Amino acid sequence: MTPQKLDLLQGTLDLMVLNTLAAMGSLHGYGIARRIEQVSGDEVLLNQGTIYASLVRLEQRSWIASSWGVSGNNRKARFYAITRSGRRRLAADARHWERLTGVMDRVLGMSNDPDEEGNPA
Amino acid sequence: MSWRRRAFGRLRAFFSKRALDSALEAEISAHLDMAIDENMERGMSYAEARRQAMLRFGGVQLAREQQREARGLMNLDILLQDLKYTVRTLGRDPGFTSVAVLILALAIGANIAVFSVVNTLMLRPLPFPNAQQLLWIAPPPTKCGLSCATYSTDAYDEFRVQSRSYQDVTGYFAFSSPGNLSLNLSGGAPISATSIDVIANFFNVLGVQPAMGRLFTADDARHGAAPVIVLTNAWWRRQFNADPKIVGKTFDIGGQQTTVIGVLPASFDFGAVFAPGTKVDAITPLDLYGPPRDWGNIITFIGRLKPGISLSQARQDAARVAPSMCWNNKQPQSCGSYKDQVVPVPLKDYISGRLRRSLVVLWSAVGMILLIACVNLSNLLLARAAARSKEFAMRGALGASRSRIVRQLLTESLILSGAGALLGLGLAFILVTWLAHQGAIALPLLSTLHIDGAALAWTLLIAITAAVLFGLVPGLRMAGGNLQESLKDSGLGSGQGRKHESIRSILVVSEVALACVLLVGAGLLLRSFLHVLDVDLGFQPDRAAAIKVDYNDNVPGDKTGVLTTQKRTVIFQQILAHVSAIPGVEAAGISDYLPLGQNRAWGTPFPKGIKPPDNASSPLVYVITPGYLRAMGTRIRGRDFTWDDGARSDSVVLISASFARYLASLANWPDGNAIGQVLASGKQDLHIIGIVDDVHEEAVEGEAGWQIYYPQSQADSAGAQLVLRTTLPPATMASSVMRVLRELNPKQTAAEFRPIQTLVDHANSPRRFFMLLVAAFATLGLLLAALGIYGVISYSVTRQTQEIGIRMALGASASRVERQVLTGTLRLAVIGIAVGAVASLATAKLIASLLFATSPWDLATYVGMALALLVVAAVSGYLPARRAARIDPMVALRAN
């Protein structure tokens, strides 16, 4: 596990969490994890536990806020909600992400050469 | 903004670890419960539902760690881990730890103590409010010392009124002699004390507030005012048992009822600032417009600048005022005599400016000690790291990053240097406290020495610097080591990689070089000191002693002073007759001033018919009785005074040899012989009856000035110092002399019986102080270097045990092995000495100005110090060499 990979993963997870909270309103950790799994069509095999590190990070940056409450089936749980600055961040990150995927699409689409072995660059 | 909040959040997270952990636990368990519920709804059994939930969650422990890392201060956590680990490992090796901490404590302690001295004397402002505004105003330095650094009261008035740069100007009477007060408490002998007369505004200008009562007002100094006195804090405690009701009490001081009006704060020590190494007990107001008016140059000037006035403006101002200042307003020809003689300098420069170079040298010396200690520690740590290479290789193999290992090693260094700094602080505290109580050392401000916040900050700084210095090299080496090799390497037995050895050799060489520089510096200072002790002072201090004699020569209604002088002559003659009769007294005489103490000048008498040149230096004046010069051990050509030289005979003087030469060259006396010539002093003719040795009256070092001696039967004397030359050690005579003096005068104070040698020691004390400190540091450096050499050679012998064993098994003799180890040692030492000698030559310039009659390239010192180092190196190498020679090949080969 090199740091670079982790960073990318972290960033992605943070973005997903923010987006989920923006779409769904207030949710607890388990709910966020399940929602991400559902939306991604179970393509992302998420270690649900990693979500808590992401939540702490986002909260320390004041992009989300949390409070203790009671879940649908009467369990005490911590609920998270996106803040105003979180929404701004989400918008910025989403734009950045779209640009990046756009570029990646173009770059990959340009490559007609199926030979992938000789080019380490 | 947000990073600050985040940092704060992290900090809080670190400290409220438990609460956050339990919140996380609650969250995780809620998460799992919800997952289990959902799974069971889908029809799973509880066990299966739980298994699935845990699976999807991923490692619970991992999630915890990740969350903690994200929220808190991972670095601090690691630091705590490192600290725990370090304390454990150091505790397992108490020998290494205690040696390392001790070395560091000595080095850091020396640094803190010297920093405190430097801070007190050089860096910190003087202990007065806005001390940078205070100026010392005096002529440029001349032959006649303090006597020519003073002004008359008329000059003071003129300067004070005409100058525009100052808030106010003050001064003190520069010629108070020690023991000038005699305090008569009811019952018992009078007590001798020292007081200084100051101009009434003295404390206002300095900004000193009383601890009790009040300080002087202009009224206290008025002619005929009721006598008042201000006590120093120390005297108030010592003599008056810190009497809280002292203010307002009156005491019989010198026969006058004197009122105590105040007590000075402990922070004000007149001696420490203006007269280093002397003790001042009380301050009295100077009656500017009474008799002092006619005493000539007696006042030193101290001014407080107005805000915003620069030193150069003050200088221009002083140069403008100087020509209009008169020595005596009644003598118009004395006006303008102060031209170019009024130069303000910052008070601080006057007090400690001369010491700056010495302090810098001292500071460099301890800096070198610290470097040597760091090199030593580096060496010890390297040896230790080599022994621990497997441990680190294992940690590396288990995933510890390079930086993590360096960090661990640096933590160790920091703990070591921290412990060393704490212990060193203790040592420094002892040293500084001891120094602060060395009243006899003539260094300014020494009594105010203490370890303050700046010293603590300095301690922290050097502790961290030291830790980085000595921890970095071993740390980098360790972390950079090749994993496989370390793990494979059997460790002991064979000579380890050349590279490792060469780093250690470089460290030893640099250590020896540093020690060499220190030793050469100390050697040069020591030689200078010995030369100073050898200086021909013009008198023989051994077996001579002095005591201040009280007498009452007051003759009521004596207008001309003739009767007073006669009465005094009779008293002195009587005292000397009785004292000379004491067994063991070889010679006795009385002078009003002693060499290396207070002095004064009366202007210069010139040969008759010769016009005095401008700005000629003045000889210092001593008023003496017959026998005084013999008692001091000063040689006379011509004749001494006799009791027949009186009021009605010719006025006679003795002059010093260099003054005689000066006058002879001025007047072209035949054969340059001054004896029998006549000088003119005002309207008086002075017959020169003898030439005496030049006496070092101002300082032991430097040139002797000019002196002129008057017989006390023909001149006003300013007190009486009885000087005795004895066949017995002077100290044993004290009681019998005092008994005789008491018989003659029951009011004789219990004055101190001072061997003349103490005057010389006092004058030499700053040089002795610096020399001793530098020598002590050099010795410490030598010891550390020896330790370093021993450590390295001993270690390399241990590592080569197997190799040596093989060689001996193949026929190498014990003496050959021994020789080889010794040669290796000496080679390092010689390289070190060579480097050190070159460095010394380069730095000798720095201390050149501190040397006395010694060249900074003094060959004997260099050779001597090189030999000393070589011997020490040989001894430190000999012990391991002998051990190597005694290796039993069989044991050595079997060992591994």
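**Notebook: a predicted two-chain model**

I began with B:L445, which counts as buried because it has 22 C-beta neighbours inside 10 Å; a residue is buried if 20 or more other C-beta atoms lie within 10 Å of its own, exposed if 12 or fewer, and partly exposed in between, with C-beta atoms placed from the backbone. The model is predicted, and local features need pLDDT of at least 70, side-chain atom pairs count only at pLDDT 80 or more, while totals for chains, interfaces and linings use all residues. Residues are numbered from 1 along each chain as its sequence is written, and chains are lettered from A and ligands numbered from 1 in the order in which they are written.

**Positive phi**

I noted that B:L445 has a positive phi of about 65° although it is not a glycine, and I found it in the loop between α15 (402–436) and α16 (453–480) of chain B. Helices (H or I, at least four residues) and strands (E, at least two) are DSSP runs, numbered from the N terminus. I then looked up B:N668, also not a glycine, with a positive phi of about 55°, in the loop between α21 (657–667) and β19 (678–681) of chain B. B:N668 counts as exposed because it has 9 C-beta neighbours inside 10 Å.

**Strand β13**

I looked up B:A544 in strand β13 (residues 544–548) of chain B, and with 22 C-beta neighbours inside 10 Å it counts as buried. Leaving aside neighbours within four places in sequence, its contacts (C-beta atoms, placed from the backbone, within 7 Å) include B:M632, B:L724 and B:I756.

**Nonpolar cores**

I take a nonpolar core as a set of buried Ala, Val, Leu, Ile, Met, Phe, Trp, Tyr and Cys residues joined through C-beta atoms within 7 Å. The largest has 236 residues, and those with the most contacts inside it are B:L104, B:I369, B:V512, B:L722, B:L724 and B:L869; α23(B) gives the most to this core, with 20 residues. Apart from it I found another core, of 29 residues, among them A:L13, A:Y30, A:I32 and B:A53. I also checked B:L869, which, leaving aside neighbours within four places in sequence, is in contact with B:V512, B:A515, B:C516, B:L519, B:A829 and B:I833.

**Helices α23 and α25**

I looked at how helix α23 (residues 756–799) and helix α25 (residues 814–848) of chain B pack, and found an angle of about 145° with the axes 11 Å apart; axes are lines fitted to C-alpha atoms, for helices over the stretch in contact, and angles run from 0 to 180 degrees between N-to-C directions. B:I789, B:I793 and B:V797 of α23(B) and B:V821, B:T825 and B:A829 of α25(B) make the contact.

Chain A has four helices and three strands, which run α-β-α-α-β-β-α from the N terminus on, and 26% of its 121 residues count as buried. I recorded that the contact between the chains takes 22 residues from chain B and 19 residues from chain A. On the side of chain B that touches chain A, the elements giving two or more residues are α1 (2–15), α2 (17–41), α3 (46–57) and α4 (60–71) of chain B, and α2(B) gives the most, with eight residues.

Note on methods: Contact = placed C-beta atoms within 7 Å.
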